[in-house]
Structures are given as C-alpha cells and as structure tokens.
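Colleague: Hi! Could you walk me through the charged pairs in this one?

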Amino acid sequence: MPEGVWRKCDSCGASLFYKEVQQRLNVCPQCDHHFYVSAWERVAQVLDDGTFEPMNEHLRPTDPLEFSDRRPYAERLIGEQKRTGLTDAVLTGTGMIRARRVAFAVTDSAFIMGSMGSVVGERLTRLIERATEQNLALIIISASGGGARMHEGILSLMQMAKVSAALSRYHSAGGLFISVLTNPTMGGVAASFASLGDLVFAEPKALIGFAGPRTIKATIGIELPEGFQTSEFLLEHGYIDRIVHRKTLKTEIATAIDYCGK
C-alpha cells in the first residue's frame, strides 16, 4: 500500500484509514484512542480560524551550561527546531474560542519531550502576565513528558516557581485558568502549572503524573493500583475536574468561560 494511506492504532491495533483519523481530530474511530497532535494542530483544533496571534517567538533557547550528553545541547536544539518546525517546546499567544478572546498556550512533546526550559518558562510567564493585564481567560494545553529540561539544570527548575508565581498573581486578580492535560503530562510540568488550573480538564486515557511507576514503586516499596496515572483514575480521586473528548474540547472551554463570567 502507498505510504501514508493507513495507520495502526496504538491502543486497539486496528488498521485505520489515515484520512478518516485526521477528520476525527486524530482520534481512533474504533476505540477512541487519542493520538498525538502537534502544537500547531492544537491551535487549529481549539482556536477560531485565523485568530491566533503568536507572542514572544523571538525568545530562543541558548546553551548556558554548554551541556553535552550523547550530543551537545546546542546541536540538539538546532536538530529539534528543524525536525518540528518549532523554536521551543511551547507556543503562546492570544486568539478566539467561539468568539471569546483568550490567552492561549500549548506545549508539544515532540520537542525534547515538551520539557520546560528557560524559554518555555519565560514565554508562559509573559503570557500569564498579558492575561492578567488584559483580564483574559487563560488556557494552557499541556503535552509534556519531560518535566524540567535537564540540559539547563537549575535554570530550568526555576521555571516551575516562576510560572507558578505568575499564576498566583493572575488568580489574585480574578483570572480564570483552564488547564487541559493530554498524553503525556508528566514531571515538573504536572508538578507546577498544569495542576494549578481553576478547572482541570483531561483527554481520555492520558498519562498524567510526576515520576514513572517503576520509580515510584522503587521509592515507596509498595504495589501501586493499576492505571493510577490515567485520567480516569485521577478523575475518580478528585485530581481533575472532567475528562473531555477532543471533539468537544473547544465547546467545553467556551462553556466554562461563559459559566465563570469571563
């Protein structure tokens, strides 16, 4: 078969017609598995057409520690930028959701697992400050499996506190923050801004947590409940507010903004 005509579902194993999956916003028509989508695809799915105005794209990551593992960090950044078309792991800006103007951000796990480096933290902080100044609802869609970016050391870890402090000021000013957790939302992202929403939505069967199951089990030495880092388990235990299918996410966000008077 020609390449790009069929794809296999990661969950149920069904062979799927690629165009049908795309028409369903990259959701499996057999089992409703939510496939990965890029940051730009998220923008197209959630915001009204042509309304997204990117912010702070001029901020670019550097290599302050001259870090090197299997390859130098500076080279890795260039490679990731060429491969993904992104300048870093987050897009930020303003746009409209069903004619409601919002501050909007989305992280992308394709760029070094969506890890939170200095530029990611700075872009998010500036977006939150814009939302505070202009009294905008704030929407952040998280798809970060890497937490803090080890290549930037303590400079990366500082972003957790910086973004959280900006959210505290935004909350004190009466802002509405809707956090949307997708597969995966892990590490320092889950431990900071992704968990601080006034409303926390999640896609079905998303992997959400801090450390991986093997690390947790080795640390505390007990058997863990099956599926304890899934959206469904976390909804049952009060960690998130609602599981939202991708096809209804835009409407759910708009409804929540109206309900909260924003």
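This is a predicted model: local features need pLDDT of at least 70, side-chain atom pairs count only at pLDDT 80 or more; totals for chains, interfaces and linings use all residues.

Colleague: Great. How many salt bridges are there?

Modeller: The count comes to 14 salt bridges.

Colleague: What does Arg100 pair with?

Modeller: Arg100 forms a salt bridge with Asp258, and their closest N and O atoms are 2.5 Å apart. Asp258 sits in helix H9 (residues 249–259) and Arg100 in strand E5 (residues 100–107), so this pair ties together parts that are 158 residues apart in sequence.

Colleague: Switching topic: which residue meets Glu122?

Modeller: That would be Lys162, in a salt bridge of 2.7 Å, N to O. Glu122 belongs to helix H4 (residues 118–134) and Lys162 to helix H5 (residues 153–172), so the bridge ties together parts 40 residues apart in sequence. Glu122 is partly exposed at 24% relative accessibility, and Lys162 is partly exposed at 28%.

Colleague: What about Glu203, what does its side chain meet?

Modeller: The Glu203 side chain meets that of Arg246 in a salt bridge, 2.9 Å from N to O. Glu203 lies in the loop between strand E8 (199–202) and helix H7 (213–220), while Arg246 lies in the loop between strand E9 (242–243) and H9, so the pair ties together parts that are 43 residues apart in sequence.

Colleague: Buried or exposed, that Glu203?

Modeller: Glu203 is buried, at 3% relative accessibility, and Arg246 is buried too, at 5%.

Colleague: Which residues are linked with them in a network?

Modeller: Arg42 joins Glu203 and Arg246 in a network of salt bridges.

Methods: Residues are numbered from 1 along each chain as its sequence is written. Side-chain values use heavy atoms; hydrogens and water are left out. A salt bridge is a side-chain nitrogen of Lys or Arg within 4 Å of a carboxyl oxygen of Asp or Glu. Helices (H or I, at least four residues) and strands (E, at least two) are DSSP runs, numbered from the N terminus. Buried means under 20% relative accessible area, exposed over 50%, partly exposed in between (1.4 Å probe, protein chains only).
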